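Dear colleague,

Please find below the structure that I am handing over to you. A summary of the findings follows it.

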Amino acid sequence: MKKYAKENIVEKSLACNEKKKYFVMYTIVFSLFAVAIFFPFIRERVWLISSKDTIKQHYPAFVYLGQYVREIVRTLFETGKLVVPQWDWNLAYGSSIFTTLNYYSFGDPLNIISVFVPTKYSPYAFQAVSILRLYLSGITFSMYCWNKQKDKFPILAGAVMYIFSAYGLQTSTGHVFFTNALIYLPVFLIAVERLIYKKKGGLLTLITFISCVSNFYFLYMLSIFAGVYFLILFTKRYFSGNKKNVFKQFVQEGFRFLFSYLGGLGCAAVIFLPVLIAVKNSGRSSGGV
């Protein structure tokens, strides 16, 4: 028993060292590609961002979030009172801060960086975060592929193609929050695997919550991918063996998937529902709620 435990510890240590080496190599390769692609923008002093929506909406929201949170903290320290403004007359003709800016900035976990960056440095921080999104996309992609391929070079090559694809480059220099979908998709797939093979739905609940809070605009597409992947894995596991109890297993696994998924939506509902209602009541929708 002791011998088995010792061997297991050694195997985990070797696997950990192998992962460290891979991610060091990935960081180096990513840096080389990022410099080759983005340095010409920096040299010519041109913004990495090409989309007018980003310049007019997402970047101002990024700056607003930093100023908004810093003002709350400053007021708390100066007066001892926690004052969280919920309305701003400078948004359109006066609008809810929360429902207006959640779509553009407030729900994105990476935008919390704006809180720690002075306003005058926000342009640099915003563009750096755009590149950081690509880097994290490659990390999650590699995590998804790790146990599927013993040779790590194909994983590295796949990660580079995944993040520096036309979609990755267009979103990282256009609608930047769409790059988050590249980060979340591999995590969704890992979560489905954990659900099917380990009967653990916590990760699916968590990534559903994060994705829903970040931006519901692409949540439904990630959900479709997760649902299709669930069917693929279920078929692979249960149709290859005894098929007598397949329907029963499908119902059980389906309820586990649904319960975990709805759990994530439920946790995000306090943010998701007000924003969804605000969007449906806006002039861009044909009918109100």
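**Findings**

The chain exposes about 17,300 Å², of which carbon and sulfur atoms supply 68% (Shrake-Rupley method, 1.4 Å probe). This is a predicted model, in which local features need pLDDT of at least 70 and side-chain atom pairs count only at pLDDT 80 or more, while totals for chains, interfaces and linings use all residues. Residues are numbered from 1 along each chain as its sequence is written, and side-chain values use heavy atoms, with hydrogens and water left out.

Of the 289 residues, 42% count as buried (under 20% relative accessible area; exposed is over 50%, and partly exposed lies in between). The secondary structure comprises ten helices and two strands (DSSP runs: H or I of at least four residues for helices, E of at least two for strands). From the N terminus, their order is α-α-β-β-α-α-α-α-α-α-α-α.

Helix α2 (residues 52-79) packs against helix α3 (residues 97-106) at an angle of about 115°, with axes 9 Å apart (axes are lines fitted to C-alpha atoms over the stretch in contact; angles run from 0 to 180 degrees between N-to-C directions). Among the residues that meet are Phe62 and Tyr68 in α2 and Leu101 and Phe106 in α3 (contact means heavy atoms within 4.5 Å).

Ile210 belongs to helix α8 (residues 202-214). Ile210 is partly exposed because its relative accessible area is 25%. Pro109 and Tyr184 are touched by Ile210, leaving aside residues up to four places away in sequence. Cys267 is 57 residues from Ile210 in sequence and 9.4 Å from Ile210 in space, C-alpha to C-alpha.

Yours sincerely

How values were computed. Buried < 20%, exposed > 50% of the residue type's maximum accessible area, 1.4 Å probe, protein only.
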